[in-house]
Amino acid sequence: MSHPYDPHVLLWDEYKYRHDHIWQKLFQITIAVVLLGSVPYLKPEITQVLQEWILIAPLLGSMLALITLVLMHVELTLFAKIAGAHRAHQEELGIIEHSRHNYFRYLVITYVSFLLLVSLANVAVVRLLWL
């Protein structure tokens, strides 16, 4: 029994979905980590009342960035398989000749790693300078 849909159209749809999904998650995680990291700065008098407990929000942001780093590795591995198949199909049809270098994975992992480091640095700043 044949599938009623063109497999290449399905491949393209999966490629678009995964690519958009990765970008959407990057934006969402960035917003969440920045908001959690900014909690101690919103009302400094709350920091004085909560003392060390104020570190929970920026630490939660750091943990979120760390978990995202692991999950992005999994998602990017799946995306690489789909992207590879999609690019191979384009090359077979002579539509486009792709470079063998794909920096998307490297850039995403670098960005999330940087987000994690900045978040950890923020925790250290709050801990050392404010408490």
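## Tour of the aromatic pairs

Start by selecting W12 and Y15: both sit in helix α1 (residues 7–42), three residues apart, about one turn of the helix. Helices here are DSSP runs of H or I with at least four residues, numbered from the N terminus. The model is predicted: local features need pLDDT of at least 70, side-chain atom pairs count only at pLDDT 80 or more, and totals for chains, interfaces and linings use all residues. Residues are numbered from 1 along each chain as its sequence is written, and side-chain values use heavy atoms, with hydrogens and water left out.

Next, show the rings. Rings of Phe, Tyr and Trp (its six-membered ring) pair if their centres lie within 6.5 Å; planes under 30 degrees apart count as stacked, over 60 as edge-to-face and the rest as tilted. By this rule there are five aromatic pairs. One of them is W12 with Y15, which is stacked, at 5.5 Å centre to centre and 15° between the planes.

Now colour by accessibility. Buried means under 20% relative accessible area, exposed over 50%, and partly exposed in between (1.4 Å probe, protein chains only). W12 counts as partly exposed because its relative accessibility is 35%, whereas Y15, at 17%, counts as buried.

Move on to W23 and F104. Their aromatic pair is tilted, with 6.0 Å centre to centre and 50° between the planes. This pair links distant parts of the chain: W23 belongs to helix α1 and F104 to helix α4 (residues 104–130), 81 residues apart. W23 is partly exposed at 37% relative accessible area; F104 is buried at 15%.

Finally, select W12, Y15, W23, F27, F79 and F104 together: ring pairs link these residues into a cluster.

Notes: Helices (H or I, at least four residues) and strands (E, at least two) are DSSP runs, numbered from the N terminus.
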